[in-house]
Amino acid sequence: MRHLLSALSLLLMGGAAQAFCGFYAGKADAKLFNEASQVVLARDGQRTVLTMVNDYAGPLSEFALVVPTPQVIRQGQVKVLDKAVVEHLDAYSAPRLAEYRDNDPCQLNLGWSERYRIPQPVVTRPPPVQMLTPAAPARGVTVDAQFTLEEYDIVSLSATQSDGLEQWLSENGYRIPAGASAALKPYVAQGMKFFVAKVNLQEQLKTGYQSLRPLQFAFESEKFMLPMRLGMLNAAPDQPQDLIVYVLGREGRVESSNYRTVKLPTDVNLPPFVKSRFADFYKAMFAEQARKEDHRVVFTEYAWDMAWCDPCAANPLSREELLKLGAHWVSGAALGGGGAQPVVLSRLHLRYTPQSFPEDLMLTQTRDRQNWQARYVIQQPYAGTVAECSERVGREDCERHCTASLEELDRTAYGLRNGVRERLSVKTERAGLRKECVSDCQRAKLAAIAVAARYYEKTVPERVAKEKLTLAQLTGWNLAEIDAWPEAAPYRVLSKPPRGTWWERLWGR
């Protein structure tokens with residue numbers, strides 16, 4: 001999925017996201033590409049570690065980031081993180097596609113002699129233990145901290161006037177979007193500080209990285225929230241933005257406390273041919289669900305105890321990776337070598353507009369530790385036909401089968417007579433037993449063909465037709481367009497019930 005289909009991971013959401021908890025400042029009024037932003041929050045008590053990832057694609061000389069923070073962020077509270085850790089987190093939690101295969105419907109049950117055997121006691125075993133994978137003061141602005149970290153020049157500001165803060169940013173080379181002053185004003189009024197970062201080009205060259213690495217900082221605050229409003233300054237007003245928030249917690253699932261949190265449709269069966277189009281499906285499905293909710297809800301995509309996964313889109317994160325993301329409480333946990341971690345991951349996905357999300361995202365940690373995931377299923381039909389089944393069954397020789405069965409009964413044969421279990425006299429009763437065995441065998445052959453016929457001509461066509469309807473309803477796609485997909489061609493026949501009875505089609509009548 002990402003095979004997970006996840007791996008639509010999945011996320012399957014490549015190219016869909018545009019959002020951030022701060023704003024990018026570039027050329028005045030420039031439409032900077034702020035896409036597929038991801039935020040990781042590690043939260044325990046009042047301690048928070050915030051990791052911000054972005055896909056900024058403009059000139060590095062014009063990149064700058066402004067994020068409201070509850071306190072001054074000083075050197076030592078900030079780190080630059082390897083993006084691979086977040087990519088692993090994304091792959092692990094991505095919506096996923098599970099694939100199953102039907103069993104052979106052409107099963108010949110020749111268990112006639114079983115009725116004469118004494119049943120053996122069933123030894124129950126405990127279920128297998130799952131392996132855990134394992135400034136100058138300028139109109140009320142104060143520079144509280146200033147330092148260079150890796151490829152970033154960072155300052156932490158306090159401000160008493162939003163227009164003064166806007167002026168300071170402009171005078172110091174940060175080209176901010178129009179309307180920044182108004183967007184900054186609520187944060188200034190709350191007494192929040194401002195974490196500001198831009199790229200140090202000389203240091204950037206030394207790193208050898210082609211893209212900017214995630215920035216991460218730690219702080220303490222009673223507020224469990226994510227500032228979103230500044231991020232809207234970079235987006236077109238009529239275009240919804242996407243934000244994916246991963247929250248690592250100790251207690252349970254995390255949800256929004258000021259916006260409705262809903263779970264996406266899950267555990268639904270899709271046509272088998274969706275396998276190669278899973279990313280397209282998930283993007284379309286998410287867009288349709290967001291549209292129906294008028295872009296006013298927070299979707300849960302994943303909520304899971306990180307000790308394991310099922311199915312796994314990627315292996316669970318290691319203790320070292322969780323520590324890098326800020327889950328500091330795992331350092332003192334009594335951990336085994338299997339990788340079990342006392343961490344619950346919540347993956348939230350927002351698609352919103354400035355009108356639908358006028359406030360910052362407030363979060364709350366629940367006690368709900370029930371695992372949940374956006375999971376989709378395809379059930380591959382068994383490859384075969386009624387004719388193939390009939391041919392295979394027809395090769396079964398009942399006389400030979402029953403001879404072998406009777407020989408086996410000669411060695412150990414028991415049966416029920418008048419409700420009492422007793423040993424049979426196979427030699428004296430051979431004729432009757434053979435007749436019974438042959439009759440059972442012939443009935444079993446007919447039954448196998450009938451089951452296969454029902455499977456190929458009714459069960460599978462009806463199931464595929466239902467799955468296609470589900471696909472259309474979830475995505476808003478047109479059924480005729482779905483049928484026109486090249487991948488759907490092998491299933492078009494399956495989805496149309498055949499005419500006549502199965503034996504008429506089998507023998508061409």
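Student: What makes strand β10 (residues 193–199) largely enclosed by the rest of the structure?

Tutor: Five of its seven residues are buried, so strand β10 is largely enclosed. Buried means under 20% relative accessible area, with exposed over 50% and partly exposed in between (1.4 Å probe, protein chains only). This is a predicted model, in which local features need pLDDT of at least 70, side-chain atom pairs count only at pLDDT 80 or more, and totals for chains, interfaces and linings use all residues. Residues are numbered from 1 along each chain as its sequence is written, and side-chain values use heavy atoms, leaving out hydrogens and water.

Student: Which residue of β10 does Y152 stand opposite?

Tutor: Y152 stands opposite V199. Strand β9 (residues 152–159) also pairs with β10 in the antiparallel sense, over six bridges.

Student: Why are β16 and β21 (residues 375–380) called paired?

Tutor: Three bridges join them, and the definition asks for at least two, so they pair; they run parallel. L270 has I378 in β21 as its bridge partner.

Student: What makes β7 (96–101) and β16 (268–270) edge strands?

Tutor: In the open sheet of order β7-β21-β16, β7 and β16 each pair on one side only.

Methods. Helices (H or I, at least four residues) and strands (E, at least two) are DSSP runs, numbered from the N terminus.
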